[in-house]
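User: Could you take a close look at how the helices pack in this structure? I would like one connected walk through the helix pairs, and then the surroundings of the ligand.

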Amino acid sequence: NFISAVVPPSEIGVKFEDIGALEDVKKTLNELVTLPMRRPELFTRGNLLRPCKGILLFGPPGTGKTLLAKALATEAGANFISITGSTITSKWFGDAEKLTKALFSFASKLAPVIIFVDEVDSLLGARGGASEHESTRRMRNEFMAAWDGLRSKDSQRIIVLGATNRPFDLDDAVIRRLPRRIYVDLPNSENRIKILKIFLQQENIESSFRYDELANATDGYSGSDLKNLCIAAAYRPVQELLEEEKRGDGNKTASSLRSLNLNDFI
Ligand code: ATP
């Protein structure tokens, strides 16, 4: 019960092409994870191409870090294990050693696997001094020990991918174990257009709608904010139809739904 999800790659249902923008991030993740997992034989010679055991995705909330982790598992053909820092520290009282060992031995059996640790700062945050709970400290140390203990044959096939909005809270020892840190930024206007196009590709939109106008009006929005805006826009025609029905206006069906008017949001 400390694992929030275990999903085989065929069932994840998200690919990199479903993620708007973030092209550089996808490229880096493909180089660091997809290639070594798909073509391990290319990484056996010499010492230079060391497998990367840990990657940190950091950046503002809602920018697609979780989505990237899932899509990466699809791209790499890896099983996806997801754990959430704050859930773990509240649930894993006492049994730190047993549970972390179980997690990593389970991962070895499922390899290739991506262990996604959301809110990694809660699990592996900086040493909290006297105020820190003993169980949190023990959990962090056990997690790092089990992670270090991965046999070298597994290290190419088990990757810990941490995500956080608070990178400065991470413990130095943890930072060292996440040698590749990737910033997942808020989208600029051009990238907001790309993301909006993904959400709206199946929708029936008013012909006067201009993507660039909405993109310009949504400065500072994350991918998640843009999604919520599109959901709100899609909901309006449904509400209107229900109101018309209530007023007894004719016999409305789903096919009479008005197209999405995103201009209302500009
Ligand atoms: P948090 O830091 O709050 O956990 P996060 O960075 O992990 O956020 P996600 O949970 O991946 O963000 O994103 C939330 C939702 O926003 C996703 O399920 C997805 O629908 C949408 N989203 C965010 N960014 C993008 C993007 N670039 N392309 C497509 N969808 C996106």
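Analyst: Happy to. Let us begin with α4 and helix α6 (residues 134-148), whose axes are 9 Å apart and which pack at an angle of about 35°. Please keep in mind that this is a predicted model. The crossing in which α4 passes α6 is right-handed. On the α4 side, the contact is made by Ala-96, Glu-97, Thr-100, Leu-103 and Phe-104, and on the α6 side by Arg-138, Met-139, Glu-142, Phe-143, Ala-146 and Trp-147. Sorted by class, the residues of this contact of α4 with α6 are seven nonpolar, one polar and three charged.

The loop between α4 (96-110) and β4 (113-118) holds Pro-112. The peptide bond joining Ala-111 and Pro-112 is cis, with omega at about 5°.

The next pair is helix α1 (residues 23-38) with helix α2 (residues 65-76), where the axes come within 9 Å and cross at roughly 40°. The two helices, α1 and α2, are therefore oblique to each other. Their crossing is right-handed. From α1, the contact draws on Val-25, Lys-26, Leu-29, Asn-30, Val-33, Thr-34, Met-37 and Arg-38, while α2 brings Leu-68, Leu-72, Thr-74, Glu-75 and Ala-76. In this contact of α1 with α2, seven residues are nonpolar, three are polar and three are charged.

Leu-22 deserves a glance too: its place is in the loop between β1 (5-7) and α1. The phi of Leu-22 is near 50°, which is a positive value in a residue other than glycine.

As α9 passes α11, the crossing is right-handed. Arg-192, Ile-195, Leu-196, Phe-199 and Leu-200 are the residues of α9 that meet Gly-223, Leu-226, Lys-227 and Cys-230 in α11.

Now for the ligand, which is surrounded by 18 residues. The closest of them are Gly-20, Gly-62, Lys-65, Thr-66 and Asn-165. At Gly-20, a polar backbone atom is 2.9 Å from a nitrogen atom of the ligand. At Gly-62, a backbone N or O atom lies 2.9 Å from an oxygen atom of the ligand. For Thr-63, a backbone N or O atom is 3.2 Å from an oxygen atom of the ligand.

To link this back to the helices, note that α2 spans residues 65-76, and that Lys-65 and Thr-66 are among the residues closest to the ligand.

Terms used
Residues are numbered from 1 along each chain as its sequence is written. This is a predicted model: local features need pLDDT of at least 70, side-chain atom pairs count only at pLDDT 80 or more; totals for chains, interfaces and linings use all residues. Side-chain values use heavy atoms; hydrogens and water are left out. Axes are lines fitted to C-alpha atoms, for helices over the stretch in contact, and angles run from 0 to 180 degrees between N-to-C directions. Helices (H or I, at least four residues) and strands (E, at least two) are DSSP runs, numbered from the N terminus. Angles under 35 degrees count as roughly parallel, over 145 as roughly antiparallel, 65 to 115 as roughly perpendicular and the rest as oblique. A crossing is left-handed if the near helix is turned anticlockwise from the far one by less than a right angle, and right-handed if clockwise. Contact means heavy atoms within 4.5 Å. Ala, Val, Leu, Ile, Met, Phe, Trp, Tyr, Cys and Pro count as nonpolar, Asp, Glu, Lys and Arg as charged, and the others, Gly among them, as polar. A residue is near a molecule or strand if one of its heavy atoms lies within 4 Å of it. A polar contact is a pair of N or O atoms within 3.5 Å; within protein, one must be able to donate a hydrogen and the other to accept it, and residues adjacent in sequence count only if both atoms are side-chain atoms.
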